[in-house]
Amino acid sequence: MSAPASTTSQPGGTEQYPDKIDAAVLKMAGVVVLGSIMSILDITVVNVALPTFVEVFSTDPANPLPYSTVAWTITAYTLALATVIPLTGWAADRFGTKRVYMLALALFTAGSVLCATADSIGMLIFFRVLQGLGGGLLMPVGMTILTRAAGPARMGRLMAILGVPMLLGPIFGPILGGWLIDHYSWHWIFLINLPLGIAAIAYAWLALPKDRPEPSESFDVIGMLLMSPGLALFLYGISSIPGEGTFFSLKVGVPATIGVLMMLAFVLYSFRPKHPLLDLRLFVNRNFTVATITMFLFAASFFGALFLVPTYFQLVRGESPVDSGWLVAAQGVGAMVTMPIAGALADRFPVGRIVPVGLLLIAGGMFALTQVTADTPYWGYLIPVLFIMGLGMGATMMPLMTSALRTLRSHQVARGSTLLNITQQVASSIGIAVISVVFTNLLAAKPLAAPAIATWRDPSIAGQIGGPAGVAEGLEQAAEAFAQTFLVGAVLVSLTLIPALFLPRRREVSHLLDDVEGDGPDQSVAPVVLH
């Protein structure tokens, strides 16, 4: 096996990595970033389309689809995403990262095209599941490819590169989605993935080195039968909360409880096989554990509240999808400023001195959103607040992943990135469910809010709620519901500071060059599946 161009072999079998991010890694990064952009862009594109789905798929204009039903177009995607992620560690080892990555691209692209053919909300939700099965493989496999290729000393800057999709999603997703809906139709928010998918598959075939799969590892069938259905049932129950309006409904409690019991059984079982579906032994690593807990709380609080922002602009302020996309872009611009800086700093300083600063910026921005009204100034308040939150996101997300993966041994990277991605997806689903049910209940408690929101589409309704004065009062009530929901998000972000204080405050020692037993160099360091 020959080493990738980004490494040189040294006496004793170790690999030496250049200090800078070189052309060989950048070429592979381009493949991974393109695939990740497709996956993440699709989430933010659909965010601005939710009001459009309500209008298009409601069979009775007088009785439109509940917002909680339409939100399943997002939930179904993330549920499928989280369910398939446990397979990625085994699949990457068994079939090689290049094959798995190209398969994921093909599945995601096919699912996107099918979404564009949907003629009912049920069909769209089903096709979003298929799309999510491909999307769930893209990020962890892509992270494994880059982590193995770049080596430990360049992890922070590498994560900054991998963070590009995190930036482009919030910036261009809402803008692109809004523009396609306004000028063409909602179908194009999915069809846009067809040329991107074809280009990504061709690029991956040309740019990624050949695989060297490790077929000796057996597949954990029992673990799969416990974990994936358990995770799916748990997320289904949690995601049903907004529609049921309570945590105590049978539709919520029964599947969520069964799912939790199956996952608990998996935890007890997973320490028995040599190659479990999810390697929970990684939590013996203190830095990995602290970073994962921090990631869970961060994703639940931040991404849970994030999806409300474009909805506020459309429902309360009457903005079009494309205009709400431009307004939300301020957050992505803020992340663009800090993410490369945080990536470089994470290679030189402990992340325990970087992440808390980012979390404080996010919490401050979230608390500022608790003051929104029906006429809060854009440039004088909302856009600067979103920009500040973006600064915090850029200083938080990738340094957390850097801290978690840097101290793992090379053979653990695929398993570690799988656990991190599952953590993020489960946390996001829980956060969205909690924030959705809080917002839905708060909005229902405002009697004039829903009719006032409807006047943006049908001005004749204004007379039914007292004319312009009634509309103004209803929109103010709707804004209050958003503000109170942002308060919940702000409190949750603040709680994330507790585990963040336990992140490494001294420079971590990387084990990526150690072998399994720690008694010599690992011959399968980063380039293990590449030649």
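Let's start with the side chain of Thr73, which in this predicted model reaches the backbone oxygen of Val70 at 2.8 Å. Thr73 belongs to helix α3, which covers residues 72-84. Is Thr73 buried or exposed? Its relative accessibility is 1%, so Thr73 counts as buried, since the cut-off for buried is under 20%. Look around Thr73 and, leaving aside residues up to four places away in sequence, you will find that it touches Val46, Leu50, Phe53, Ile121, Leu124, Ile125 and Arg128.

Now let's move to a pair of helices. Helix α1 spans residues 23-57 and helix α10 spans residues 193-207; their axes come within 9 Å and cross at roughly 155°. Angles over 145 degrees count as roughly antiparallel, and α1 and α10 are therefore roughly antiparallel to each other. Their crossing is left-handed. Which residues meet here? From α1 come Lys27, Met28, Gly30, Val31, Leu34, Met38 and Asp42, and from α10 come Asn193, Leu196, Gly197, Ala199, Ala200, Tyr203, Ala204 and Ala207. Sorted by class, this contact holds 10 nonpolar, 3 polar and 2 charged residues.

Another pair to find is helix α4 (residues 87-95) and helix α5 (residues 97-116). The axes of α4 and α5 lie 6 Å apart, and the helices pack at an angle of about 125°. How do they run, then? α4 and α5 are therefore oblique to each other. On the α4 side, Ala91, Ala92 and Phe95 make the contact, while α5 brings Thr97, Arg99 and Val100. In this contact of α4 with α5 there are 4 nonpolar residues, 1 polar and 1 charged.

Notes:
Residues numbered from 1 in each chain as written. Predicted model: local features only at pLDDT ≥ 70, side-chain atom pairs only at ≥ 80, totals over all residues. Heavy atoms only, no water. Axes fitted to C-alpha atoms, helices over the stretch in contact; angles between N-to-C directions. Helix = DSSP H or I, 4+ residues; strand = E, 2+ residues; numbered from the N terminus. Parallel < 35°, antiparallel > 145°, perpendicular 65-115°, else oblique. Contact = heavy atoms within 4.5 Å. Nonpolar A, V, L, I, M, F, W, Y, C, P; charged D, E, K, R; others polar. Left-handed = near helix turned anticlockwise from the far one by under 90°. Buried < 20%, exposed > 50% of the residue type's maximum accessible area, 1.4 Å probe, protein only. Polar contact = N/O pair within 3.5 Å; in protein donor to acceptor, adjacent residues only side chain to side chain.
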